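Thanks for coming. I will go through one structure today, starting with a pocket and then moving on to some side-chain contacts.

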Amino acid sequence: MEFKGTKGKWEALLDQDFTGAYHVKTENGYPTDSEDIANAKLIASAPELLEEHIMDLKHLLSWKDSLIKNGMEGSDMFYEFIDMIDAKRAVIKKALGGE
């Protein structure tokens, strides 16, 4: 399974014709028509993807609490969970409009 949309970091640019539409742009320019279709499918699935990330974060936080209760705070596994929690929080924050 491979993503067929625009690779790399995206930038959302407001259309200059004042339609209020946004377009995706990357360091390589604008996407091709086939990339646009794949991008639209990804964007359409964004609400479900965000919800899954939020559920994952809740589970990770619960597991972290379990590690603490079982005296594993400071273990390698504990710090792996902290890294995963930080990554999930960053993705969720970006999706909700933060940087």
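Five elements each give at least two residues to the lining of the largest pocket: the strands β1 (11–14) and β2 (22–25), and the helices α1 (33–44), α2 and α3. The largest share comes from α1, with five residues. Keep in mind that this is a predicted model.

How much space lies in the largest pocket? The computed figure is about 1000 Å³. The lining is made up of 28 residues, and the closest to the pocket centre are Trp10, Ala12, Leu42, Ile43 and Lys94. Sorted by class, the lining has 16 nonpolar residues, seven polar ones and five charged ones.

Now the salt bridge. A search of the whole structure gives one. The partners are Lys88 and Asp56, whose side chains meet at 3.1 Å, N to O. Lys88 belongs to helix α3 (residues 76–95) and Asp56 to helix α2 (residues 46–69), so this contact ties together parts that lie 32 residues apart in sequence.

Are the two partners buried or exposed? Lys88 is buried, at 17% relative accessible area. The cut-off for buried is under 20%. Asp56 has 32% relative accessibility, so Asp56 counts as partly exposed.

Next, the aromatic side chains. How many aromatic pairs does the structure hold? It holds two. One is Trp63 with Phe81: the ring centres are 6.0 Å apart and the planes stand at 80 degrees, so the pair is edge-to-face. The cut-off for that label is an angle over 60 degrees. Trp63 sits in helix α2 and Phe81 in helix α3, so this pair, too, ties together parts of the chain, here 18 residues apart in sequence. Trp63 is partly exposed, with 47% relative accessibility, while Phe81 is buried at 13%.

The other pair is Phe78 with Tyr79, and it is edge-to-face as well, with 5.5 Å from centre to centre and 80 degrees between the planes. Phe78 is buried, with a relative accessible area of 6%. Tyr79 is partly exposed, at 46%.

How values were computed:
Residues are numbered from 1 along each chain as its sequence is written. This is a predicted model: local features need pLDDT of at least 70, side-chain atom pairs count only at pLDDT 80 or more; totals for chains, interfaces and linings use all residues. Side-chain values use heavy atoms; hydrogens and water are left out. A salt bridge is a side-chain nitrogen of Lys or Arg within 4 Å of a carboxyl oxygen of Asp or Glu. Helices (H or I, at least four residues) and strands (E, at least two) are DSSP runs, numbered from the N terminus. Buried means under 20% relative accessible area, exposed over 50%, partly exposed in between (1.4 Å probe, protein chains only). Rings of Phe, Tyr and Trp (its six-membered ring) pair if their centres lie within 6.5 Å; planes under 30 degrees apart count as stacked, over 60 as edge-to-face and the rest as tilted. On a 1 Å grid over the protein atoms alone, a cavity is a set of points where a 1.4 Å probe fits but cannot get out, and a pocket is an open set with protein on both sides within 12 Å along at least five of seven lines; lining residues have an atom within 4 Å of a point. Grid points are joined across faces, edges and corners, and a volume is the space filled by probe spheres set on the points. Ala, Val, Leu, Ile, Met, Phe, Trp, Tyr, Cys and Pro count as nonpolar, Asp, Glu, Lys and Arg as charged, and the others, Gly among them, as polar.
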